[in-house]
Amino acid sequence: MNNIVLCGFMGCGKTVVGKELAKIMGRKFVDTDELIEKEQGIAIKAIFAARGEEYFRELEYEMCKKTAKMKNCVISTGGGALTFERNAKALKEGGKIVFLDASFDIICERIGNSHNRPLFEDREKAKVLYEQRKEKYLAAADYVINGDLSARKAALDIADIFK
């Protein structure tokens, strides 16, 4: 069975919806960022600090190629992964891409004042990044789901597509 790949902005629900979807459909859940951290033995934030974004994006590309070869998985990607055409192309080799399209207001509510999200410390900059990335998510996606819904409802909507 083909993989279901979730993409979208940070806070759109990729992990929560992905885990719920995997449970509903009896699939394995994998998170590309978690796999990179496990493989590298350090947090992504530390990879960025020590080696820079370009190095991280290469690791991310390699992970997209690896996860595309997995079977019957729900794959959650990092917020920036599907803004790169090569990652979308690699992941489409093994499945379909679903964009969890959550509104910026809902994302802000979900993230709150989290200090784990450095890109959200300046909301105006985060909004600009959100707008820039949204176009790229739409270009990469095979399907678009309302990310403002509850995780359960979004997961059920996605499961309906892949019945």
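Colleague: At what angle do helix α3 (residues 44-51) and helix α4 (residues 53-68) pack?
Modeller: This is a predicted model, where local features need pLDDT of at least 70 and side-chain atom pairs 80 or more, while totals for chains, interfaces and linings use all residues. Residues are numbered from 1 along each chain as its sequence is written, and side-chain values use heavy atoms, without hydrogens or water. The axes of α3 and α4 lie 7 Å apart (lines fitted to C-alpha atoms over the stretch in contact, with angles from 0 to 180 degrees between N-to-C directions). The two helices pack at an angle of about 130°.

Colleague: Which word describes how α3 lies to α4?
Modeller: Angles under 35 degrees count as roughly parallel, over 145 as roughly antiparallel, 65 to 115 as roughly perpendicular and the rest as oblique. The angle between α3 and α4 is about 130°, which makes α3 to α4 oblique.

Colleague: Which residues of α4 does α3 meet?
Modeller: From α3 come Ile44, Ile47, Phe48 and Arg51, with contact meaning heavy atoms within 4.5 Å. Across from them in α4 are Glu53, Tyr55, Phe56, Arg57 and Leu59.

Colleague: And how many residues in that contact of α3 with α4 are nonpolar?
Modeller: Nonpolar covers Ala, Val, Leu, Ile, Met, Phe, Trp, Tyr, Cys and Pro; charged covers Asp, Glu, Lys and Arg; the others, Gly among them, are polar. The contact has three charged residues, no polar ones, and a nonpolar count of six.

Colleague: In what order do the elements of the chain run?
Modeller: The chain has eight helices and five strands (DSSP runs numbered from the N terminus: H or I of at least four residues, E of at least two). Starting at the N terminus, the order is β-α-β-α-α-α-β-α-β-α-α-β-α.

Colleague: What box do the C-alpha atoms fill?
Modeller: The box is taken along the principal axes of the chain. Its dimensions are roughly 40 × 35 × 25 Å.
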